[in-house]
Every structure is written in structure tokens, then in C-alpha cells.
Amino acid sequence: MSEGYTVAIVGAGLVGDRLVAELRRRDFPMKELRVLAKSARTAVLAGETFEVGVAEPDAFEDVDFAFFAGTEGEKGAAVQLADAAISRGAIVIDNGSDFRLDPKVPLVVPEVNAAALEDHEGLIANANCSTTQMVVTLAPLAREFGLKKVVVSTYQAVSGAGRSGVEALENGREDAFPRPIVGNAIPMIGGVGDDGYTTEETKMREETRKILSLPELPVFATAVRIPVHTGHAESVYVETGREATLPEVLEALGAAPGVELSEDVSEFPTPIEVAGEEGTYVGRVRVEGTAIQYWCVADNLLKGAATNAVQIAESLVGARARA
Ligand SMILES: NC(=O)c1ccc[n+]([C@@H]2O[C@H](COP(=O)([O-])OP(=O)(O)OC[C@H]3O[C@@H](n4cnc5c(N)ncnc54)[C@H](OP(=O)(O)O)[C@@H]3O)[C@@H](O)[C@H]2O)c1
């Protein structure tokens, strides 16, 4: 295929695998797809065999879009290599947390704040997986009723911690989580800060505020790892600015882009059912005055990572075509 973009994926882990799958499933226009990682080898991603190259500056020559899905931090792929990719002309879409709160970097969930893409400087951040599915559901409530406060408890799959998390569930690997995960529930995702909140909980607060452009919004999260392979679930409590009725809330959620709503209270989404699906699934909606409660579930590797990243690229391609 000679038409389309040259695309690089940095990271051949769980998100890298899903990025290949989503680029193919959504038929993103590509003339070349490169996979880069720490070490070169032959690897199968999403059923396709790749000669994985070493992630180094020159590997980004001629790349139009670089999806980063490596590790985070000072020695991580994005911190080390995003500038090299951008200076060679690539647009970087980063799945990690290193740049999400940088004021110069748009943090984008396309159903919610695609307009933020207009001001990018070559780097766009994908949100944390738990944040992404939550803001897809909060955005229509913010528009219709206003938001006063959000309280959320998460039930997060082991694949959210990458291959090592899956190995902890499947093979008893011991270094992925602070306690055994099999038969357990662990209310500690990431390190804990001086305020008592974990890094995952702080990400949910700060990223939600940035994406919704509500910098003061109170967001209280408790993030919990559970022994589920794929699919994060959340119990969300929202206090709204004006009183709402159940039909109004169902209408707002049902019409929201990206939301798949179960209106019947006896129907509810679960991680097993949504794994492999691209949407954000909502059920168990309850409303009382200014209090709204619901259950939401999404595939953390898809809407929480790969699907959202590809949607960002699609939005940029659409904007180019319109320009
Ligand atoms: N899992 C999720 O649900 C999820 C959701 C949202 C965001 N994220 C973020 O997405 C990223 C990838 O997550 P994952 O679950 O796919 O992790 P993973 O399964 O552990 O895979 C990580 C991959 O990154 C590669 N890598 C690490 N450091 C690198 C570097 N400096 N240069 C190039 N490649 C490097 C590794 O290469 P080798 O194979 O050569 O070691 C490996 O292939 C993380 O930043 C994570 O926080 C994950």
C-alpha cells in the first residue's frame, strides 16, 4: 500500500499490541507500520509478525505519527525520544503520564475535548485509562446539569499494569503488585503521596480537571486493583449544579458520543463483556435530586489506551483533510 501515513508504535507490550489491532480495525490510512522497543527481535502483535526495531532517534525518520506505549519516567521512551520524533516531523501521541499535565500539551479524549487538538506543538497526551472512561460519562452530565463534585471508586484490571500485571494473575508473578492479586482486592495503585492519595487517584483528579476544563472540580477517587484480566469498572457518584431526573440523565448519557447505555436496571455491563469493545459502557443509573450514581466499564487497553490514541490521530487527519 503506497497511500497513507508512516506510523511508528514505540512499545511492543499490551498497549502496543492493541495499537496494531486498532489501527487495522479502524483502517487508519498507513503505508508503513513500524514497531520499536528497547530491543530488536521478531515479535507477533495482534496476530501480525513484525521485525521490531530499536527505539532510537533515527528510527523516527519519515514517521508521520508515533504512538508511544513504552514505560514512563526519566528513562522511559517518551521522555527519551519524543523530542527526537517531533524534530523529525512526527506527531507524537503518548500513552504515558509524563506530559499529561504539561500546559503546552493537549490531553485529549476526542468525544470530550477534541478542540484542544488545535493548539498542539507536536505532542499530544492520552489520558490515564481510568480517567478516560470517566470523563466520557462526565462530559454530558457537566453540559446538562453542571458538576459540583465527583466521587469514584475503581475496580481495575491487572492488564492496566502491563504484561507484568497479567503475569501476576496468570502465573503468580510476585513483583507486579504490593500484595498477591489472586483472590484479592488491592486499594493501592502506584505510590502514595503526602496527602494520602495514590498516584492513580491523583491522576484521576488532575486529568479530569484538565480535560473538562474545570480546574477546581472536587474529584475524590479510590483506585483498587482486582483480579480481572481486562476491563476497568467504576462506581461513580456525581453531585450536579441543578436537580436532575432519571429520564433527563438517561437521555443525556444515551445521547453522549462514546457511551453505550443500559437503561434497564436489570442490565449492566461487566469487564468480561466489554473486553475487546471500543466504547464506554454505563448501567445502574440512579438519580436523586442533585445526586447521580452509575456504574461504568471500558476496556482499559482499548478506550483506556489504544482506541483513544487512534481516535486522536483520526481527528488530526480529519482536520488536515478539512484544512
Ligand atoms: N495497560 C494499560 O491499560 C494502559 C492504559 C493506558 C496507558 N498505559 C500506558 O501505556 C504504556 C505501555 O503500557 P503497557 O501496558 O503496554 O506496558 P507493557 O506491557 O509493560 O509493555 C511495555 C513495552 O514498552 C517497551 N519499552 C519500555 N521502555 C522503553 C524505552 N525506553 N524505549 C522503547 N521501548 C520501551 C518495552 O520494550 P521491550 O519489550 O523491548 O522490553 C515493552 O515492549 C505505559 O506508559 C502505560 O502507563 C497503559
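Ala12, Val15, Arg41, Thr71 and Glu72 come nearest to the ligand among the 29 residues around it, where a residue counts as near if one of its heavy atoms lies within 4 Å. The model is predicted, with local features needing pLDDT of at least 70 and side-chain atom pairs pLDDT 80 or more, while totals for chains, interfaces and linings use all residues. Residues are numbered from 1 along each chain as its sequence is written, and side-chain values use heavy atoms, leaving out hydrogens and water.

By class, the shell contains 11 nonpolar, 13 polar and 5 charged residues; Ala, Val, Leu, Ile, Met, Phe, Trp, Tyr, Cys and Pro count as nonpolar, Asp, Glu, Lys and Arg as charged, and the others, Gly among them, as polar.

Domain 1 (5-126 + 304-322) and domain 2 (130-300) both contribute residues to this shell, so the ligand lies between them. The domain bounds come from an automatic or database assignment.

Polar contacts are pairs of N or O atoms within 3.5 Å. A backbone N or O atom of glycine 70 is 2.9 Å from a ligand oxygen, and a polar backbone atom of alanine 69 is 3.5 Å from a ligand oxygen. In the side chain of asparagine 300, an N or O atom lies 3.0 Å from an oxygen atom of the ligand. The protein covers 84% of the 900 Å² of accessible area that the ligand has on its own (Shrake-Rupley method, 1.4 Å probe).

Notes:
A polar contact is a pair of N or O atoms within 3.5 Å; within protein, one must be able to donate a hydrogen and the other to accept it, and residues adjacent in sequence count only if both atoms are side-chain atoms.
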